[in-house]
Amino acid sequence: MSLLARLPGPRDPVFLRRLASALVLAPLALGLVWYGGYPFAIFVAAFAAAMAWEWVRMSDRDAPPRAFSIATGTAVGSVLLAASGEWAWCALWVLAGAVSAYLDRRRRGRAWEAPLGVIYVASAASILVGLRGMDGGLGAVLFLLAVVWAADTFAYLAGTWLGGPKLLPAASPNKTWTGLVAGVGCGAAAGVIVAGLWGLDPAYALAAALPAAGTAVAGDLVMSLAKRRFGVKDAGTLIPGHGGVLDRVDALMLATVFAGLFAMLAPAGWPGSGI
């Protein structure tokens, strides 16, 4: 198949649904990131609740209502505590939710999957809100979003247009080494460009952007492996062209966890340092 034949065109329904969803969600997300505060936290909490719900639904088909309540309550509570700067209580809340999820799921087998999902979703969502709340948090979150969106987009486009050797067929038959290289390279470039708008040292920007782009691509693979294990194609159906919320933000989740760790060790003056 020629390269031109692989290009998504105006008749490609998947591409059109992805584009339409991005045109709606991206401006909303960016506007709330810019505004910050509790409006942004509530937006993230709503997404976190949806992600927690999707994780329970795809990982435990016999889950009772209390399993959904534990997962969503843990996710929402952790975000609101992070927005208030209550990090000790946030950690305890996530721990309590994970233990509750484990005890509930143990009766139905494969108990580790429930607390793992609770911790992953709640940690990523609360760290994102915490980053925005720090001094220089606007720049940190915009930097992170630029890296992740560029990495995710160009990994998809390069893998679709150029093909190449498969990256990890056990996770996804469509992901390629070409997409990995394009995603990491373009994600890092986007990060350096956005950091430059804040007058930051390009070396620091590249040091953060490269691993952030790498973890974004890895986050996509992690969720693909989870879906393969659970025997589902998509985590949900909420977002046209993408599936569920987990399908849309899988790259952002792991990259956000990395960003939180990086911010703890970042030099003075780096956006979000001191989280």
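The paragraphs below take up the helix pairs and then the cavities.

The model is predicted, so that local features need pLDDT of at least 70 and side-chain atom pairs count only at pLDDT 80 or more, whereas totals for chains, interfaces and linings use all residues. Residues are numbered from 1 along each chain as its sequence is written, and side-chain values use heavy atoms, with hydrogens and water left out.

Helices here are DSSP runs (H or I, at least four residues) numbered from the N terminus. The pair α5 and α6 packs at an angle of about 160°, with axes 7 Å apart, where axes are lines fitted to C-alpha atoms over the stretch in contact and angles run from 0 to 180 degrees between N-to-C directions. The two helices are therefore roughly antiparallel, a label given to angles over 145 degrees. Their crossing is right-handed, meaning that the near helix is turned clockwise from the far one by less than a right angle. Contact, defined as heavy atoms within 4.5 Å, involves residues including Trp87, Val94 and Ala101 of α5 and Ala114, Val118 and Ile127 of α6. These contact residues divide into 12 nonpolar, three polar and two charged, with Ala, Val, Leu, Ile, Met, Phe, Trp, Tyr, Cys and Pro counted as nonpolar, Asp, Glu, Lys and Arg as charged, and the others, Gly among them, as polar.

Helix α6 also packs against α10 (residues 245-265), at an angle of about 60° and with the axes 8 Å apart. The crossing of α6 and α10 is left-handed, and its contact includes Tyr120, Ala124 and Leu131 of α6 together with Leu246, Met253 and Val257 of α10. By class, that contact has 13 nonpolar, two polar and one charged residues.

A further pair joins α7 (residues 137-162) and α9 (residues 202-230), whose axes come within 9 Å and cross at roughly 50°; α7 passes α9 in a right-handed crossing. Among the residues in contact are Phe143, Val147 and Asp152 of α7 and Ala205, Ala212 and Asp220 of α9, and the contact has 10 nonpolar, no polar and two charged residues.

There are three cavities of 30 Å³ or more, a cavity being a set of points on a 1 Å grid over the protein atoms alone where a 1.4 Å probe fits but cannot get out. The largest cavity has a volume of about 140 Å³, volume being the space filled by probe spheres set on the points. Of its 17 lining residues, the closest to the centre are Val56, Ala67, Ala71, Ala101 and Ala114, where lining means having an atom within 4 Å of a point. Helices α3 (37-59), α4 (65-83), α5 (87-106) and α6 (113-133) each supply at least two lining residues, and by class this lining has 11 nonpolar, two polar and four charged residues.

How values were computed: On a 1 Å grid over the protein atoms alone, a cavity is a set of points where a 1.4 Å probe fits but cannot get out, and a pocket is an open set with protein on both sides within 12 Å along at least five of seven lines; lining residues have an atom within 4 Å of a point. Angles under 35 degrees count as roughly parallel, over 145 as roughly antiparallel, 65 to 115 as roughly perpendicular and the rest as oblique.
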